Amino acid sequence: MIATAVAFLTTSKLGRALGVAALVLLALGGVYLAGRHDQARKAEIAALEAKLAIKTADLQISMALADIAQDEIRASEQAAAANQDKIDDYEKALAERPDTRCALGADDVRRLRALNPAP
């Protein structure tokens, strides 16, 4: 059967024409499939580039937030250090009182509130 098909394709004009047409169709199909494969790869690359852009933006935002957090930590540490002197002074003042029981007055409440003002 194969020998008959090869003989037909090589000896008759119609066979040659069909053979050339089949080769052209195979070539066109190959080019079409290569183009589809290439287009799929381009779409995949574009999707990955978009994901990378999003991740890069997320990283920049996270780094900015980390900088803000570091600034707030420094500010809190400075405030705590500044308040420590006031706390030590207040502690000394309370220790110097002759009455050992806890008799805090309005002045004491104001001093305590000044140590940690409401936001």
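Trainee: How many salt bridges does the count come to?

Mentor: The count comes to four salt bridges. Keep in mind that this is a predicted model.

Trainee: Take Arg41. Which side chain does Arg41 meet in a salt bridge?

Mentor: Glu44 is the partner, at 2.6 Å from N to O.

Trainee: And where do Arg41 and Glu44 lie?

Mentor: Both are in helix H2, three residues apart, which is about one turn of the helix. Arg41 is partly exposed, with a relative accessible area of 38%, and Glu44 is partly exposed too, at 42%.

Trainee: What does Arg74 form a salt bridge with?

Mentor: With Asp71; the closest N and O atoms are 2.8 Å apart.

Trainee: Why are Arg74 and Asp71 separated by about one helical turn?

Mentor: Because they are three residues apart in helix H2.

Trainee: Moving on to Arg110. How far apart are the closest N and O atoms in its salt bridge with Asp107?

Mentor: They are 3.9 Å apart. Arg110 and Asp107 lie in helix H3, residues 106-115, again with three residues, or about one turn, between their positions.

Trainee: Why does Arg110 count as exposed?

Mentor: Because its relative accessibility is 53%, and exposed means over 50%. Asp107, at 47%, counts as partly exposed.

Trainee: Change of topic. Which residues form the nonpolar patch on the surface?

Mentor: Phe8, Leu9, Leu14 and Leu18, with about 370 Å² of accessible area together.

Trainee: Which helices supply at least two residues of that patch each?

Mentor: Helix H1, residues 2-11, and helix H2, residues 13-95. Phe8 has its place in helix H1, and at 38% relative accessibility Phe8 counts as partly exposed.

Trainee: Now charge. Which residues gather in the patch of negative charge?

Mentor: Asp85, Asp88, Asp89 and Glu91 gather there, on the surface.

Trainee: Pick Asp89. Where is Asp89 found?

Mentor: In helix H2.

Trainee: And why does Asp89 count as partly exposed?

Mentor: Because its relative accessibility is 46%, which lies between the 20% and 50% cut-offs.

Definitions and conventions:
Residues numbered from 1 in each chain as written. Predicted model: local features only at pLDDT ≥ 70, side-chain atom pairs only at ≥ 80, totals over all residues. Heavy atoms only, no water. Patch = residues over 30% accessible without salt bridge, like charges linked within 9 Å, V, L, I, M, F, W, Y side chains within 5 Å. Areas by Shrake-Rupley, 256 points an atom, 1.4 Å probe, with all protein chains shown as cover. Helix = DSSP H or I, 4+ residues; strand = E, 2+ residues; numbered from the N terminus. Buried < 20%, exposed > 50% of the residue type's maximum accessible area, 1.4 Å probe, protein only. Lys, Arg positive; Asp, Glu negative; His and termini not counted. Charge placed at Lys NZ, Arg CZ, Asp CG, Glu CD.
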